[in-house]
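Here are my notes for you, as numbered points. Please keep the model open while you read.

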Amino acid sequence: MEEENDDGFLHLPDHTIAMRKACQFCLDLFESLNLHSGNGGVLHHGVDKDTIRRMRELSNLHEERRDRACQQFWSPQNNDNSLPPIEIPKRHISIEELEHQTETQQKQPWSFRREFQNLNIPCLITGLDATHFQRLNEKWRRNKTPYDDDENEEEKEEEEAGKINRRWFLEHLGEDHQVPLRYYKEEDSTQCLDGEGRAVECKTRMVTMKDWIDILNKAANNNSPVFYLKDWHLQQELPSSPPLYSCPEIFRHDLLNSFLMRFTTGDYRFCYWGPAQSVTNRHSDVLHSFSWSYNVAGTKEWTFYSPFLTDTEEIDPMANASGKQDRVIFTVRQETGQTIFVPAKWQHTVVNLEETISINHNWITTSNLDLTWVCLKTEMIAISNELQSWGDVMQADAEVLENMLRGCVGLDVTSFFLMILVQLLELAQHLSPLRNEITNKELNIARKEEVMFDIFQLSQVLQDVVAADDELVQLRNRLGAILKSDSLAEKAERMAKTLLGWVNTIQ
């Protein structure tokens with residue numbers, strides 16, 4: 001195994017360099033906190049015992065409460081009457097209403113997490129368009145103005161096409177800028193799920209921005225397969241300039257993008273732009289992540305499917321209306337300026353009812369971190385089964401397994417493990433006596449609850465990762481293979497175990 005050295009560092013794979021930086025960040029912060037001295041009681045100074053007790057209990061019951069909320073949402077007639085009901089929040093909220101309910105804006109993110117993310121329940125949100133997306137709206141929405149006599153027919157056709165200011169993209173990205181169009185092959189166009197219950201992968205075709213706008217202009221009279229510009233990393237491709245939007249506070253607790261953007265060149269921030277009737281077939285989001293989608297212009301129709309349906313079960317569209325059986329689907333219409341929160345693992349279909357452009361983020365919080373670990377383990381099993389089917393043709397080592405896992409879902413065990421460590425160490429720093437005078441005076445009750453809940457959730461999943469020493473996970477081998485350093489892998493694993501010991505001292 002290659003050990004770290006200055007001469008060889010530049011010759012390492014990009015992913016190894018990124019994960020080494022993340023690992024070294026953790027080791028440096030760990031040393032500065034002096035957690036190995038067993039002073040956990042000092043580090044949580046400033047958070048009262050009652051808050052700690054309540055948040056540990058909330059964390060321990062998290063999975064049970066999430067499952068009960070799901071059952072209560074879809075099958076209200078089959079609830080276990082021996083347990084107290086979960087209060088299901090309204091499906092439509094306004095930010096102004098949420099601010100009023102929580103009294104202060106500082107409480108708003110934690111209130112949203114407790115009511116929607118922790119229970120894994122969807123909602124449609126209004127009120128964000130005038131704050132976090134105002135600049136984006138000004139740039140991308142077309143203001144209808146009288147035609148200029150000098151405009152040619154092509155420009156007039158473009159202006160008549162819809163609500164989106166297409167010229168902005170031509171001017172700021174250029175006519176020759178390449179964009180990824182997605183489409184389904186004809187034989188896959190009506191097939192949503194494959195034999196294993198996964199979403200059928202769409203195909204990709206790269207075209208210029210000018211060609212894409214030509215396609216949009218002709219889409220209304222074109223019966224060929226509908227193209228959809230989606231999973232577009234527009235933020236990465238824009239020249240450096242003031243950001244077009246800011247992530248709303250209720251979505252900012254984001255383990256995934258904060259880790260990737262700090263240590264790698266990747267992210268899960270996308271732009272979606274499609275003509276009328278363009279569709280994303282039935283699927284659930286990558287990594288069992290949450291997602292949020294803001295409609296800059298246009299209208300979408302979201303159809304959610306009950307998790308208690310089998311992948312092949314026929315859906316009676318009249319069943320919901322008749323009330324004769326549990327809810328199996330429900331539909332949400334998302335208008336311009338509205339934002340939708342999509343729960344983890346919920347299968348859904350999305351149709352653009354008119355030409356629509358939106359901003360979409362996938363993200364992971366401590367509320368769905370355990371589901372992401374389940375997703376990774378499921379993919380690891382699938383990879384193992386595939387390799388076994390190849391017989392002795394290929395004996396995969398840990399690095400190959402990690403690369404295959406990352407190729408399937410965009411994350412490997414090493415990244416996931418270090419993502420947890422970064423967040424847990426930064427929360428420990430938040431409670432550190434070195435920062436106590438600055439931080440704890442600013443911690444209101446909601447923030448204290450949020451910090452302690454996050455610490456307990458992170459430690460539970462980290463415990464599962466560290467304890468999974470079976471042939472499937474092989475944590476030490478995977479860490480060593482990606483970091484290309486056995487000593488770094490050993491230090492990282494030892495650090496994780498010490499952190500878990502520290503969390504256990506918090507009372």
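1. How many residues does helix α17 have, and how far does α17 reach from its first C-alpha to its last? Helix α17 covers residues 413-430, which gives 18 residues and a reach of 26 Å, close to the 26 Å expected at 1.5 Å a residue. That expected span is 1.5 Å times one less than the number of residues. Helices here are DSSP runs (H or I, at least four residues), numbered from the N terminus.

2. A word on the basis: this is a predicted model, where local features need pLDDT of at least 70 and side-chain atom pairs count only at pLDDT 80 or more, while totals for chains, interfaces and linings use all residues. Residues are numbered from 1 along each chain as its sequence is written, and side-chain values use heavy atoms, with hydrogens and water left out.

3. Back to α17, which is mostly covered, with 16 of its 18 residues buried (under 20% relative accessible area, 1.4 Å probe, protein chains only).

4. Helix α17 also matters for your pocket list: α17 gives 6 residues to the lining of the second largest pocket, the largest share. Helices α7 (108-117), α13 (255-263) and α19 (445-467) each supply at least two residues as well. The pocket has a volume of about 400 Å³ and 21 lining residues, with Arg-252, His-253, Asp-254, Gln-423 and Arg-447 nearest its centre. By class, the lining has 8 nonpolar, 4 polar and 9 charged residues. On the 1 Å grid over the protein atoms alone, a pocket is an open set with protein on both sides within 12 Å along at least five of seven lines, and lining residues have an atom within 4 Å of a point.

5. Cavities are sets of points where a 1.4 Å probe fits but cannot get out, and there are 2 of 30 Å³ or more.

6. Do look at Arg-478, in helix α20 (residues 475-483). Arg-478 counts as buried because its relative accessibility is 3%. Its side chain makes a polar contact (here a donor and an acceptor, N or O, within 3.5 Å) with the side chain of Glu-402, at 2.7 Å. Arg-478 also touches residues including Val-413 and Thr-414, where contact means heavy atoms within 4.5 Å.

Conventions. Buried < 20%, exposed > 50% of the residue type's maximum accessible area, 1.4 Å probe, protein only. Points joined across faces, edges and corners; volume = space filled by probe spheres on them. Nonpolar A, V, L, I, M, F, W, Y, C, P; charged D, E, K, R; others polar. Lists of a residue's contacts leave out its neighbours within four places in sequence.
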